[in-house]
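Here are my notes on this entry, point by point. Please read them with the coordinates open.

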Amino acid sequence: MVSALYPRGHVRTQDEVLDEEAFDWFRDPQLLTDGECVKSFAVGIDVNTAFLAAANRLIVGLGEPVHVATPVFDKTVPGC
C-alpha cells in the first residue's frame, strides 16, 4: 500500500513528482481523511477525455449491460 511507504504529510522530492498538466487539479493531500489514506485504490476520472486515445487498447465486454446495485471493485475488470 502506498500509504505505508510514506508518512502522512510527506513532501515529495523532484524525483517523486510527476509534473504534468493533468495533475494540476489534484486535491490538497492535507485534506484527505484517515479513512481515505488507508484505501488500496484511487479512482481518477478523465471528464475531458484528454487520455481517451491511451484507452484504445482496453479490452471491454461486448455483451449486454448488467445493472449491479452494490458493485464490488475488481481491478482486473476494465470499466468506468
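1. Helices (H or I, at least four residues) and strands (E, at least two) are taken as DSSP runs, numbered from the N terminus. On that basis the protein chain has two helices and zero strands.

2. A word on the source. This is a predicted model, in which local features need pLDDT of at least 70, side-chain atom pairs count only at pLDDT 80 or more, and totals for chains, interfaces and linings use all residues. Residues are numbered from 1 along each chain as its sequence is written, and side-chain values use heavy atoms, with hydrogens and water left out.

3. How much of the protein chain is buried? Of its 80 residues, 0% count as buried. Buried here means under 20% relative accessible area, exposed means over 50%, and partly exposed lies in between (1.4 Å probe, protein chains only).

4. The accessible surface of the protein chain is about 8200 Å². Carbon and sulfur atoms account for 61% of that surface. The areas come from the Shrake-Rupley method with a 1.4 Å probe; for residues, only the protein chains shown count as cover.

5. The structure has one salt bridge, meaning a side-chain nitrogen of Lys or Arg within 4 Å of a carboxyl oxygen of Asp or Glu. The partners are Asp34 and Arg8, with the closest N and O atoms 2.2 Å apart. This pair links distant parts of the chain: Asp34 sits in helix α2, Arg8 in the loop between α1 (2-5) and α2, 26 residues apart.

6. Arg8 is at 47%, so Arg8 counts as partly exposed.

7. There is one aromatic pair. Phe41 and Phe73 form it, 4.7 Å centre to centre and with 50° between the planes, which makes the pair tilted. For the terms: rings of Phe, Tyr and Trp (its six-membered ring) pair if their centres lie within 6.5 Å; planes under 30 degrees apart are stacked, over 60 edge-to-face, and the rest tilted.

8. Phe41 is partly exposed because its relative accessibility is 46%. Phe73 has a relative accessible area of 54%, so Phe73 is exposed.

9. Lys75 also deserves a look. Its place is in the segment after α2. Lys75 lies 34 residues from Phe41 in sequence and 8.9 Å from Phe41 in space, C-alpha to C-alpha. With 63% relative accessibility, Lys75 counts as exposed.
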